[in-house]
Amino acid sequence: MSQRQVLQVFEQYQKARTQFVQMVAELATRPQNIETLQNAGVMSLLRTLLLDVVPTIQQTAALALGRLANYNDDLAEAVVKCDILPQLVYSLAEQNRFYKKAAAFVLRAVGKHSPQLAQAIVDCGALDTLVICLEDFDPGVKEAAAWALRYIARHNAELSQAVVDAGAVPLLVLCIQEPEIALKRIAASALSDIAKHSPELAQTVVDAGAVAHLAQMILNPDAKLKHQILSALSQVSKHSVDLAEMVVEAEIFPVVLTCLKDKDEYVKKNASTLIREIAKHTPELSQLVVNAGGVAAVIDCIGSCKGNTRLPGIMMLGYVAAHSENLAMAVIISKGVPQLSVCLSEEPEDHIKAAAAWALGQIGRHTPEHARAVAVTNTLPVLLSLYMSTESSEDLQVKVLFPWIFRYTSAEGGQLSTT
Amino acid sequence: MATLARLQARSSTVGNQYYFRNSVVDPFRKKENDAAVKIQSWFRGCQVRAYIRHLNRIVTIIQKWWRSFLGRKQYQLTVQIQRRWRGYRVRKYLFNYYYLKEYLKVVSETNDAIRKALEEFAEMKEREEKKANLEREEKKRDYEARKMHYLLSTKQIPGIYNSPFRKEPDPWELQLQKAKPLTHRRPKVKQKDSTSLTDWLACTSTRSFPRSEILPPINRKQCQGPFRDITEVLEQRYRPLEPTLRVAEPIDELKLAREELRREEWLQNVNDNMFLPFSSYHKNEKYIPSMHLSSKYGPVSCKEQFRSENPKKWICDKDFQTVLPSFELFSKYGKLYSKAGQIV
């Protein structure tokens, strides 16, 4: 046989492999094919193709594996059991950017399902290589690596600590400053998922200087980016007074109030969550929020939303009013009480009604003046009917009844006694 | 009498008994006296004590009433003082009512300002979004008009949007008039691997060689001497290739020409199949070839002349090509410097 014929055999084999892996990658995008693929034993085949000489076959095999693992956690567990991860991690360090993107995609797809799978990824030493990928030039690679880190850190505090120990946080802060919007989004969401577990982790994020950059980017017009940034800031500020003060020092007021007027529902919800987390710690912080005009903005935001998006705003009003009677009076003069009573009567969900009743209770409990201001809006009959109705939950009934027992005895006559 | 006798018998002892009984009773008498005295003194003591207690109670009541009366007087004064003091203290240090009112007023003003600012912001965003939408619509309409430009009405024939029964043409008509026609996207042609002569000609033309667009350096010494005109020089330098006729035509020109002729004739065919004879009268007749064709010794073609009869001696399997090169009688016509043959 001539040399040509020998080489032709090899070429045929390579073509067959390429075709196979491309078809599998395409089939893996449709959910109905995945069962069949799994039963046909595609995992072991893809595993051998990962070690192929041709780079395109490797990349496509990694992509196909990622899509399969993305679909459900059984397949992700199968990926882990077949010992694919060490090979991926090893070659992640040396291959080109397409392979890096595909391999980071596989790690992300495996890590997102459960803490045990994420722990398996951490155990095979993937964190160091992912952090190295964060330093790469290509923004696609950085985005894939940041996404994988985010899904790992999302589950619990130990995994977040492991991610932080691998030195990811300063690199994520650098990623936030990159010009690509997708990369910014993913980096902000990764920081948010790291900081949400404990005060120490939030302190680490703040120490890396993230808060200033996040606060600058609130003005960015992209809605998904704003959503992630506000979520990150609220996760940082919810743990303690110092962290909340640090967030406030980054001069987010009054810019945050413009986010309350955004078209996107999630941006509004996250902005009111952030204000709530800041205002709930001390009376001074609530005073700061009130002085910046936050109460009026939140009340308008409550008026323009429906359903669960309103809940953080309602709770924020309750927290502000709970601190002192001056602040409660400030809430009353900002026309908060009519809005809260509207929420109470028109929302179908029990927990939102309970929150509105609680907030009204916090407003009205300080002095007879406050109680009168609440009673004037005719909320008491509504509260009473809620208490009496058989379908409202225990929680709701308790929240409705408790603050008002005291006020009935010390309130002025007239309207109150008629109810 | 008997009693008397009895009494007289006992009279001697009576006196003794009397004395004896009296003497015996004496200490008892003292004791009893002391006892009686004790009892009486005790009883009197109790009486007095009860009396004193009673008095005490009365005195307490009187004192109580008196003291409360005194206290009430004192109380009015004290309460007044304390009242004044507490009010002063609260107003000065704890709670400034007017300050609170001011503060609440400021808060409500800030709220209004913020509300207005947010309204303006929301309006601005609305306006921007509407503008962006309008622009997008405009671009889409423009693109559609460019694609549909052929529906424009001509002088003779009114187009779809310019119906003669309408008072004025449809706005699309005006849009089509304004639109520039869209050219078809040319399919990208793959680079040919073999370079043919035409490519070489194309690349030696005056357009294809790059002229240097770089400016000369500033301090260049001027070159000496009379120079030819630059356009002449460039013409000469980049003169295109003028191949001879033999080189310009491809070597299998004859075969290509034959094929082209065959193609043209094929175009005119109605049916590709060979015509069959109509009748089957001559079906069973055997064909009798002519003498020229039936003999072994026909005219010899050039190919057979040159090739050996033994196929084993042939070097390659392929057949010889018929090549008819062009001749160069007239290739230099009009391209020489000499004016031989030209009409004066």
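Is E119(B) buried, exposed or partly exposed? With a relative accessible area of 40%, E119(B) comes out as partly exposed; here buried means under 20% relative accessible area, exposed means over 50%, and partly exposed is what falls in between, using a 1.4 Å probe and protein chains only. The model is a predicted one, in which local features need pLDDT of at least 70 and side-chain atom pairs count only at pLDDT 80 or more, while totals for chains, interfaces and linings use all residues. Residues are numbered from 1 along each chain as its sequence is written, chains are lettered from A and ligands numbered from 1 in the order in which they are written, and side-chain values use heavy atoms, with hydrogens and water left out.

E119(B) pairs up with K261(A) in a salt bridge, and the closest N and O atoms are 3.5 Å apart. (A salt bridge is a side-chain nitrogen of Lys or Arg within 4 Å of a carboxyl oxygen of Asp or Glu.) This pair joins two chains, because E119(B) sits in helix 2 (residues 97–147) of chain B and K261(A) in the loop between helix 18 and helix 19 of chain A. Helices are DSSP runs of H or I, at least four residues long, numbered from the N terminus. K261(A) is partly exposed too, at 25% relative accessibility.

Over all chains, the search turns up 24 salt bridges. One of them pairs K226(A) with D262(A), at 3.0 Å between the closest N and O atoms. K226(A) belongs to helix 16 (residues 223–237) of chain A and D262(A) to the loop between helix 18 (255–259) and helix 19 (265–279), so this pair ties together parts 36 residues apart in sequence. K226(A) is buried at 7%, and D262(A) is buried at 13%. R17(A) and D52(A) form another salt bridge, with 2.7 Å between the closest N and O atoms.

E347(A) is found in the loop between helix 24 (336–346) and helix 25 (350–364) of chain A, and is buried at 4% relative accessibility. Its side chain makes a polar contact of 2.5 Å with that of R310(A); a polar contact is a pair of N or O atoms within 3.5 Å, where within protein one must be able to donate a hydrogen and the other to accept it, and residues adjacent in sequence count only if both atoms are side-chain atoms.
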